[in-house]
Amino acid sequence: MNCTRDIAAHIDGYDTESMPVAAAQAFIAKLVEPVGESERVPLKSALGRVLASDIVSPIDVPAHDNSAMDGYALRSGDLAADVPNRLPVAGKTLAGQPFEGNVRAGACVRIMTGAVMPPGLDTVVPQELVQLADDGTVTLPAHVVRAGDNRRLAGEDLRCGEAALQAGRRLRPADLGLIASLGFPDVPVVRPLRVAFFSTGNELRSVGQSLEPGCLYDSNRYTLWGMLTRLGVEPIDMGIVHDNAASLEAALRQATECADAVITSGGVSVGEADHTRAVMEKLGEVLFWKLAMRPGRPLAVGHIESGGHRAILFGLPGNPVAVMVTFYAFVRNALLAMSGATASALPMLRAASTTAIRKRPGRTEYQRGIVSRRADGRWQVALTGSQGSGILRSMSLGNGLIVLPHDQGNVQAGEDVDVLPFDGLV
Ligand code: AMP
Ligand code: MG
């Protein structure tokens, strides 16, 4: 079991009052452990799931040398150099219908794409390069093929015994096809992570309820549900929990008993933190940080236990944009690591900012941007407008997060900035 104090001692820049994003990410990476349980699922159910063990090829792919073109298969050694060659056609072979028998010296075989190369023949001349005569011979000009042309070799895609895919891979469409090409109808994957989440706040109402003065609809459970679903985990929506110790404790216990990870939103900011802290600390080892980032300053992280079950806890801020940004900055990678996924950095774009951006060094900022391609082919990014952490529409309008690193100061108009595109993030 990873003890939070031991981990903290090994993290550069660890500072609960102003936690650099990189330090928080490094801490969380050490805190989480893979669930390590797997199951077999049919191939079509495996999209987005994490491979639990290597997929080793039981066959050569392709299984035989075969033709890459429609044309005529021949022995390159039969061709006379520097002159046109006329060859009789000994027969025909199609994909799935191999040529029977031997091809006599100096003859060729009509062959279609994907058909197995007849024994002894090593080269295919594409049909458009030859002339077919009425007597059933083909004539090919000098120098139109070299030995081995247009022949796919057995095993050139994958060799028998070779690992086609490694454990830890999140399966993509090409991977499903690759696994199918090896003949496997099902695949070993890590069991889905169960992630329970709820919103805290007496001011929150659920959709469908009436809205009294001073109240607002709970949006965080919907963004969280969306982000969790796209990550491929099993979301468990526990609704809205009132801001009192008894309700919070009961909800956290129930969540811990049914889930691997628990995500709460709200109730960790100054003013509310004391009471949340008392409940969370009662159930386990939970740290309360002030992050050096914007949006998303408060964050609670740790483990809680109940009824012999243990779960990792993320207490996210309440503001709707802060919830999404802290999820992407911290929770996403943690859940992927718990799912056994091999870590991979998300691709970033470099885009020229269309305007100046005010930025204070000493914190990481995630601004919402709209990236587009300029006429000269370069990427540019414009802010979505007001960047308040309560303005959820900025996440909806934007198609990427502008990531301004910890030490960065003000950005000039036209200066390149890092952008994390939303597509591909989940
Ligand atoms: P808190 O961290 O609980 O103080 O919440 C910060 C701000 O986010 C407050 O204005 C809350 O009303 C708002 N907020 C908290 N939870 C939610 C939620 N689930 N949906 C929408 N807004 C929320
Ligand atoms: Mg609150």
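## Contacts to ligand 1

Start with Ser219: one of its backbone N or O atoms sits 3.1 Å from a nitrogen atom of ligand 1. Keep in mind that this is a predicted model. Asp218 also reaches a nitrogen atom of ligand 1, this time with a polar side-chain atom at 2.7 Å. On the oxygen side, a polar backbone atom of Gly318 lies 3.3 Å from an oxygen atom of the ligand. Taken alone, ligand 1 would expose 480 Å², and the protein buries 81% of that.

## The shell around it

Ligand 1 has 16 residues around it, with Glu203, Asp218, Gly267, Ser269 and Glu272 the closest. Sorted by class, that shell holds nine polar, four nonpolar and three charged residues.

Ligand 1 takes up the space of the second largest pocket, which holds about 460 Å³. Its lining runs to 32 residues, and Pro317, Gly318, Asn319, Ala322 and Ser389 are the closest to the centre. Strand S15 (216–217), strand S19 (293–294) and H7 each give two or more residues to that lining. By class, the count is 13 polar, twelve nonpolar and seven charged.

## The largest pocket

What about the largest pocket? The space there comes to about 1100 Å³. It's lined by 40 residues, and Arg332, Asn333, Ser344, Ala345 and Leu346 lie nearest the centre. Helix H2 (21–31), helix H7 (320–338), strand S23 (364–373) and strand S26 (416–421) each supply two or more lining residues.

H7 gives the largest share, seven residues.

Notes
Residues are numbered from 1 along each chain as its sequence is written. Chains are lettered from A and ligands numbered from 1 in the order in which they are written. This is a predicted model: local features need pLDDT of at least 70, side-chain atom pairs count only at pLDDT 80 or more; totals for chains, interfaces and linings use all residues. Side-chain values use heavy atoms; hydrogens and water are left out. A residue is near a molecule or strand if one of its heavy atoms lies within 4 Å of it. A polar contact is a pair of N or O atoms within 3.5 Å; within protein, one must be able to donate a hydrogen and the other to accept it, and residues adjacent in sequence count only if both atoms are side-chain atoms. Accessible areas come from the Shrake-Rupley method with a 1.4 Å probe; for residues, only the protein chains shown count as cover. On a 1 Å grid over the protein atoms alone, a cavity is a set of points where a 1.4 Å probe fits but cannot get out, and a pocket is an open set with protein on both sides within 12 Å along at least five of seven lines; lining residues have an atom within 4 Å of a point. A molecule sits in a cavity or pocket if more than half of its atoms lie within 2 Å of its grid points. Ala, Val, Leu, Ile, Met, Phe, Trp, Tyr, Cys and Pro count as nonpolar, Asp, Glu, Lys and Arg as charged, and the others, Gly among them, as polar. Grid points are joined across faces, edges and corners, and a volume is the space filled by probe spheres set on the points. Helices (H or I, at least four residues) and strands (E, at least two) are DSSP runs, numbered from the N terminus.
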